Amino acid sequence: NVTSAISGSGTSSITGIYLGSLVSNLTVSGNTIQSVSNTLATGSGARGIIANSEAAGIVIANNMISDIFCFAGTNSGGTNWPVGIHVELALATVRVYHNSVNLYGSHPGVNGVSGSAAMVVGGGVSSIDLRGNVFANSYDNSTVGTETPFAINATNDVEIAGRINWN
């Protein structure tokens, strides 16, 4: 599947693929997600993939994600940032294998400290398995010089020890 040229100006993240709270035993694999943008000037997020499920059996594998844009917001948790893959909520281990994420380019943003991340592990995640991914991030909020680009941003004390290999 190819998902491209998704744009909006919503106060919630604009997303290529969204896995909601009741999704279980699903593999998201082999997708190309590109040119996802949120043009809300006050800063709201854009995502390639969001996994926000309380159920088990989520696998995100072999996807290519690039060119995610938004007016990067100022929160430290990443919800208002451009993000390639965001595992926001997961009570069981989410497996993220062999994906390629590239955030790049100079983009306007809000005038304040902001960030971007190829991969965000949110506060509602208890365990994640990250293996064999390529996470590149040269995204630039051209409005200010205080943004922080991350390859991986974990916002909680999530169990990843021993499960973050070959990235």
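**Figure 1. Overall view of the predicted model.** The protein exposes about 6,900 Å², of which carbon and sulfur atoms supply 51%; accessible areas come from the Shrake-Rupley method with a 1.4 Å probe, and for residues only the protein chains shown count as cover. This is a predicted model, in which local features need pLDDT of at least 70 and side-chain atom pairs count only at pLDDT 80 or more, while totals for chains, interfaces and linings use all residues. Residues are numbered from 1 along each chain as its sequence is written, and side-chain values use heavy atoms, with hydrogens and water left out. Of the 167 residues, 47% count as buried (under 20% relative accessible area; exposed is over 50%, partly exposed in between; 1.4 Å probe, protein chains only). The protein has 17 strands and zero helices (DSSP runs, numbered from the N terminus: strands are E, at least two residues; helices are H or I, at least four). Among contacts (heavy atoms within 4.5 Å) between residues at least 6 apart in sequence, 81% join residues at least 24 apart.

**Figure 2. The open sheet of five strands.** The strand order is β2-β5-β8-β12-β16, with parallel pairing (two strands pair if DSSP finds at least two bridges between them). At the edges are β2 (14–19) and β16 (148–154), each of which pairs on one side only. From one strand to the next, the twist averages 15 degrees (axes are lines fitted to C-alpha atoms, and angles run from 0 to 180 degrees between N-to-C directions).

**Figure 3. Pairing of strands β8 and β12****.** Six bridges link β8 (residues 82–90) to β12 (residues 115–125) in the parallel sense. Val-87 stands opposite Val-121 in β12.

Figure 4. Asp-129 is buried, with a relative accessible area of 7%. Its side chain makes a polar contact of 2.8 Å with that of Tyr-97 (a pair of N or O atoms within 3.5 Å; within protein, one must be able to donate a hydrogen and the other to accept it, and residues adjacent in sequence count only if both atoms are side-chain atoms). Beyond neighbours within four places in sequence, Asp-129 contacts Thr-93, Val-94, Arg-95, Val-96, Tyr-97 and Arg-163.

**Figure 5. The salt bridge between Arg-131 and Asp-129****.** The structure holds one salt bridge (a side-chain nitrogen of Lys or Arg within 4 Å of a carboxyl oxygen of Asp or Glu). The closest N and O atoms of Arg-131 and Asp-129 are 2.5 Å apart. Arg-131 is partly exposed, with a relative accessible area of 27%, whereas Asp-129 is buried.
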